[in-house]
2 protein chains.
Amino acid sequence: MKPINERCGSVRRVDTCLSAPVRASVPCKSCDLQACRLRDFGLLKRAYSLRGLERGDTLETHSRNCLRFWIVKQGTGATCRMFSDGRRQIVSLETTGDVVCASMADNDNEHWFEALSECKICEVNLTPWSGELRQNADFLHAIFEVMHKRLERSVNHVSTLGRLDSHERVIYFLAELALRLGARDDGKIVALPMSREDIADYLGLNSDSISRILTRLRRSGLVRFLSRTEYVVLDWSAIAQRLPISLPETFPNAMCFPSQDEEISR
Amino acid sequence: MKPINERCGSVRRVDTCLSAPVRASVPCKSCDLQACRLRDFGLLKRAYSLRGLERGDTLETHSRNCLRFWIVKQGTGATCRMFSDGRRQIVSLETTGDVVCASMADNDNEHWFEALSECKICEVNLTPWSGELRQNADFLHAIFEVMHKRLERSVNHVSTLGRLDSHERVIYFLAELALRLGARDDGKIVALPMSREDIADYLGLNSDSISRILTRLRRSGLVRFLSRTEYVVLDWSAIAQRLPISLPETFPNAMCFPSQDEEISR
DNA sequence: CGACCGATTGATCGACCTCAACACCAGTGG
DNA sequence: CCACTGGTGTTGAGGTCGATCAATCGGTCG
């Protein structure tokens, strides 16, 4: 690992970690994002504002005692953590529709949300209404499902980092991202809104290794790169064959409470 | 990694993964576990039963559509995942008071709960009441906090696996476990209810490395081992000095909703 | 054009894994 | 009492994977 002064040399690392430069912050009248799980609460319209972030901009909160969420409306972001010597770990990727619980991005722990591409974030600060929301079953159910889904992803990430080797990690990453972005079919183009170093920080590797592995995967015909930030999955079966785990299903919701029309299993 | 037939050679790995031998399953009249976050719901008493597990016994569920929890009342367990070639990753450690959401241990994904030591588990199956509980704000708040806390731990685990080297991981592990088990002071004895291989599967290393690292830590005076399963943290400051992250605070709850008597930060 | 940044690629190094041998311990059976 | 066994932990020798370091290339921006 590089010492802190080297790894934090770029502007992105240091200058933007401490404050979030708000490019645009306007109250948004109506939320038309289908995937957003926190819509439909009358309160929200009073509480949210739309923020535009450029690549590298970050969001942080200064208190754990807050009820605040960041919903990705456009673009791709990441929840990051920085160690005291400058090592960075991307803890999770956030794509359209994902809801980030801001209380987990407190600056004491060196956690923050970071835009990997140009992003539109809907910030919802519900702290003033936390008392009444504490009694609102629909709201509590919604944020429970959000946390449940995030936990599922995180658990997957733990398995990946703990027991997959570097090639498997990259293959899994490319396939999972393709599925999350809706490119389940062969030939669909996936936008890869991250640098090699971002991928490395997500997968616990370093950027040289990422680069090497990507060229090997390209040569072996699993994926094709149209540019540095666009790829196509060519051979799903080969991918499945090279992974010791199945790719995650993309359930629309967390499925913890059985829905009305389904058989209840006891 | 060893091939599956070798790694699954022990009884623990294969025979017990598919079914949970119930050593004792009696309805428990009253729950006196202070740390349990799911008590105080009238419904629970009708729904729960106490199960005694021996080391190696496992619990699984066969449906994602269930509202079932396992609460550790005594002993230490782990949420595990096995890959198709036999690699195992311990996704999280569960100690007294921890609440495991059973729907995340469905057998399709090769997830399960496993007793690392002799355990008493309170199994709470609330599936029949999921309809009314979906409207119960207190219950929803409780399980939200459970998930929030689990997510915090998982995120920590991701950082650990992604960016700490083997020595740092073991040091962090020993210190964190000591704190979780209440041995914050120098000299307090910590019970280590796991084999070297369990630790390895938790930290993404292998058991030989664990053994090597433990002897080095012992020699350097950070910890003292009374036996293979008991240790004492000798030098907290040296531990903090050798870690690039601070040890997690052990908050009593998730602190996402501000409590009544605290200043609300907006 | 030069400065700069990110990506690529090769050479080398070191951390961790693999494999094997051995120690230790509890249990079992003579 | 000893021999034997199986399981777990320890330790050393050697190999491999991924990190590190450096050189080069390509693109972008001033």
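Between chain A and chain B, 25 residue pairs are in polar contact, both residues being at pLDDT 80 or more; a polar contact is a pair of N or O atoms within 3.5 Å, where within protein one must be able to donate a hydrogen and the other to accept it, and residues adjacent in sequence count only if both atoms are side-chain atoms. This is a predicted model, in which local features need pLDDT of at least 70 and side-chain atom pairs count only at pLDDT 80 or more, while totals for chains, interfaces and linings use all residues. Residues are numbered from 1 along each chain as its sequence is written, chains are lettered from A and ligands numbered from 1 in the order in which they are written, and side-chain values use heavy atoms, with hydrogens and water left out.

**Composition of the interface**

- Strand 6 (88-94), helix 4 (130-133), helix 5 (137-163) and helix 7 (196-203) of chain A are the elements that give two or more residues to the side of chain A that touches chain B; helices (H or I, at least four residues) and strands (E, at least two) are DSSP runs numbered from the N terminus.
- Helix 5 of chain A supplies the largest share of that side, 21 residues.
- By class, the side of chain A that touches chain B has 31 nonpolar, 22 polar and 16 charged residues; Ala, Val, Leu, Ile, Met, Phe, Trp, Tyr, Cys and Pro count as nonpolar, Asp, Glu, Lys and Arg as charged, and the others, Gly among them, as polar.

**Extent of the interface**

- In chain A 69 residues are in contact with 69 residues of chain B, contact meaning heavy atoms within 4.5 Å.
- About 6,300 Å² is buried between chain A and chain B, and carbon and sulfur atoms give 60% of this area; buried area is the accessible area (1.4 Å probe) that two parts lose on being put together, summed over both.
- A:Arg64, A:Asn65 and A:Arg163 supply 14% of the area that chain A buries against chain B, more than any other three residues.

**Salt bridges**

- The structure holds 25 salt bridges over all chains, a salt bridge being a side-chain nitrogen of Lys or Arg within 4 Å of a carboxyl oxygen of Asp or Glu.
- Across the interface of chain A and chain B there are six salt bridges.
- A:Arg134 and B:Asp138 pair through their side chains at 3.1 Å, N to O.
- This pair crosses between chains, from the loop between helix 4 and helix 5 of chain A to helix 5 (residues 137-163) of chain B.
- A:Arg87 forms a salt bridge with B:Glu168 (2.8 Å, N to O).

**Helix packing in chain B**

- Helix 7 (residues 196-203) and helix 8 (residues 207-220) of chain B pack at an angle of about 105°, with their axes 8 Å apart; axes are lines fitted to C-alpha atoms, for helices over the stretch in contact, and angles run from 0 to 180 degrees between N-to-C directions.
- Helix 7 of chain B is therefore roughly perpendicular to helix 8 of chain B, the term for angles of 65 to 115 degrees.
- Residues of helix 7 of chain B that meet helix 8 of chain B include B:Ile199, B:Ala200 and B:Leu203.
- Helix 6 (residues 166-180) of chain B packs against helix 8 of chain B at about 70°, with their axes 10 Å apart.
- The contact of helix 6 of chain B with helix 8 of chain B has seven nonpolar, two polar and one charged residue.

Conventions
Angles under 35 degrees count as roughly parallel, over 145 as roughly antiparallel, 65 to 115 as roughly perpendicular and the rest as oblique.
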